[in-house]
Amino acid sequence: MIEATGLNKRYGSTVAVDGLTFSVPPGQVTGFLGPNGAGKSTTMRLILGLDAPTAGIVTVAGRLYRSLRRPLLTVGALLDARAVHGGRSARDHLLAIALSNGIARGRVRDVLELVGLQRVAGTRAGGFSLGMLQRLGIAAALLGDPPVLMFDEPVNGLDPDGVLWIRTLLKALAAEGRTVFLSSHLMSEMSQTADRLIIIGRGSLIAQGTLAEVLSSGSPATVRVRSPDAVQLGVLLDRRGAAVHTQPDGSLQITGTSAEHVGEIARAHGLALQELSIQQTSLEDRYMELTRDAVDYRSDEHRTEPVS
Amino acid sequence: MTAPVRVPDQHVGSLRRLGDVLSSETCKLRSVRFTAWALLAAIASNVGLAALLAVFLPGALSPHDKATIDTTRVSLGGLHLSQVACGLLGVLAISSEYTSGLIRTTFSAVPDRCLVLAAKTLVLAAAVAIVTTASCLAAYFSFELLLTEHHLRTSLADPGVLRAVLGGGFYLTAVALLGLGLGAALRSSAGATATLLGLLLIPPLLLELLPNSWKTAATPYTPLQAGSAIVSTRQDPGSLGPWGGFGLFCAYALLALAAGFILIRRRDA
């Protein structure tokens, strides 16, 4: 369980995290989502006591991180997979971390096996690919068999096999009752892994809840109609209070009514329909919609309506 | 699968934690090649230069030089080079963690940052002290062994000789700690290395610009002069004496370490 209350972090005049309040429950994978520069990594550093918050507090398992004497038995974290000494072997890298928290040496071999690095355990980490470094970082996070796990962008640089491996691992860890908190700037990745989402932009909370909650809080579903009598149908719907937009291809995008209702009106007036469908908002669209105003860097091309 | 040892968090005493962090830092120092290279370079420089000087120096000395020369100090001539290796080892013991980002892993494993720096200080000091003191003794003995002019020889029992030889190890250990302090305070390998070399090499050059009387008064207080006083068996008039000079050098190193301890606590990692 991770709980943040009114978390605030300024670097000079830059506000990196602005009054964040959220909680990450155990037994689920919680995705921490936001555009680049939204404050995800800063928040994770605040959780780990690496940066001191300007205001607010964050606790892990009910305690301030800095008060933990053997923190790795409570929290395992992977912030930056590249943060290793290139001249040190994978085994010694893990051993140095394990020793600092009084974790038995045998555990190093176990986690190396768990992430599939046992054959390169004696190899210097400087020669590792990013994918291997991600595995090494995950091994380090698992050393203390902790109830809380945090990963910053864990699938970056992984091949499809590696991505699938991490997803399976994260879900399994959550199923064991652990708190799993992972950040990403990609909704597509989260929609396949996370049970819950916390979305931030420019340091502030935008939304939090289960996937379904985040999705349903968005703009209502639209109904799409293609009809040779589109103009007539449009006028009829408009009169009944629905918002009708004629698309360049002649089809209608209708909000404020249901597909059933559109169908009934068409039948009652003898109008032919070539297509009647519900356009469900995807998580990706919902994410774009939520973070539209919170993106620091975006190309102008992107500023127009997202292609769905 | 072996489960990690679980001792309830609050039951882990301070001494136990220090032991954990010491073994972790020992593992770190031992497991990078640079440590072995730096210490080997220090040994090679100490012993190698002593041997070279023993063979070639006597021929180059005038009778007057031979009467006044401090041969013990000459036998430790390798310190000029080995101090760079030891200082660099001290700098990199912490700055390499900052440049790679590993310091965040270290501080999330041990949130008590002063404990980390204290453990690094102890482990580095022990490793450097053992290796350099032994190599200074080896340097002295090889010098004596290869010296053909018997009347230039000294013995460890002569006044100040044992102190000077062991002092070579103390001096190199203090240089390593000065490097560690600078590395912790500055966080950058290049910046801390440049500062360390600057502190040792620049003051004598700057003093050349001063009037002679000022220069004479200030010279004993420069880090290199103060620190190396401990390896002399003949004191120049106006010098701080072997222990006074070395004490001042230790104060410089402690100042750098104190800056490291203060900044490491206050800064975001």
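Predicted model: local features only at pLDDT ≥ 70, side-chain atom pairs only at ≥ 80, totals over all residues.
## Finding your way around

Is D80(A) buried, exposed or partly exposed? A residue counts as buried if 20 or more other C-beta atoms lie within 10 Å of its own, and as exposed if 12 or fewer do. D80(A) has 17 other C-beta atoms within 10 Å, so it is partly exposed. Once neighbours within four places in sequence are left aside, D80(A) is in contact with D152(A) and with G101(B). As for V108(A), it lies 28 residues from D80(A) in sequence and 20 Å from it in space, C-alpha to C-alpha.

## An enclosed helix in chain A

Now follow the chain to helix 2 of chain A. Here 11 of the 11 residues are buried, so this helix is largely enclosed by the rest of the structure. Among the buried residues are R91(A), D92(A), H93(A), L94(A) and I97(A).

What covers the buried residues of helix 2 of chain A? The cover includes helix 3 (106-114) and helix 4 (130-142) of chain A, together with helix 1 and helix 6 of chain B. Just after helix 2 of chain A comes G102(A), which takes a positive phi of about 65 degrees.

## One side of helix 10

Helix 10 of chain A spans residues 283-291, and its buried residues are L283(A), R286(A), Y287(A), L290(A) and T291(A). Why are they on the same side of the helix? They cover an arc of only 115 degrees around the axis, which puts them on the same side of helix 10 of chain A.

## Where the two chains meet

## Two helix pairs in chain B

Two packed helices are described by the angle between their axes and the distance between the axes. Take helix 2 (residues 33-60) and helix 5 (residues 79-100) of chain B: their axes come within 8 Å and cross at roughly 165 degrees. That makes helix 2 of chain B roughly antiparallel to helix 5 of chain B, and their crossing is left-handed. The contact between helix 2 and helix 5 of chain B has 12 nonpolar, four polar and no charged residues.

The other pair is helix 8 (residues 161-186) and helix 12 (residues 242-266) of chain B, whose axes come within 7 Å and cross at roughly 20 degrees. Helix 8 of chain B is therefore roughly parallel to helix 12 of chain B, and it passes helix 12 in a left-handed crossing. In this contact there are 20 nonpolar, three polar and one charged residues. Among the residues that meet are F170(B) and Y171(B) in helix 8 of chain B, and F246(B) and F249(B) in helix 12 of chain B.

Methods
Residues numbered from 1 in each chain as written. Chains lettered and ligands numbered in written order. Helix = DSSP H or I, 4+ residues; strand = E, 2+ residues; numbered from the N terminus. Arc of directions from axis to C-beta. Axes fitted to C-alpha atoms, helices over the stretch in contact; angles between N-to-C directions. Parallel < 35°, antiparallel > 145°, perpendicular 65-115°, else oblique. Left-handed = near helix turned anticlockwise from the far one by under 90°. Contact = placed C-beta atoms within 7 Å. Nonpolar A, V, L, I, M, F, W, Y, C, P; charged D, E, K, R; others polar.
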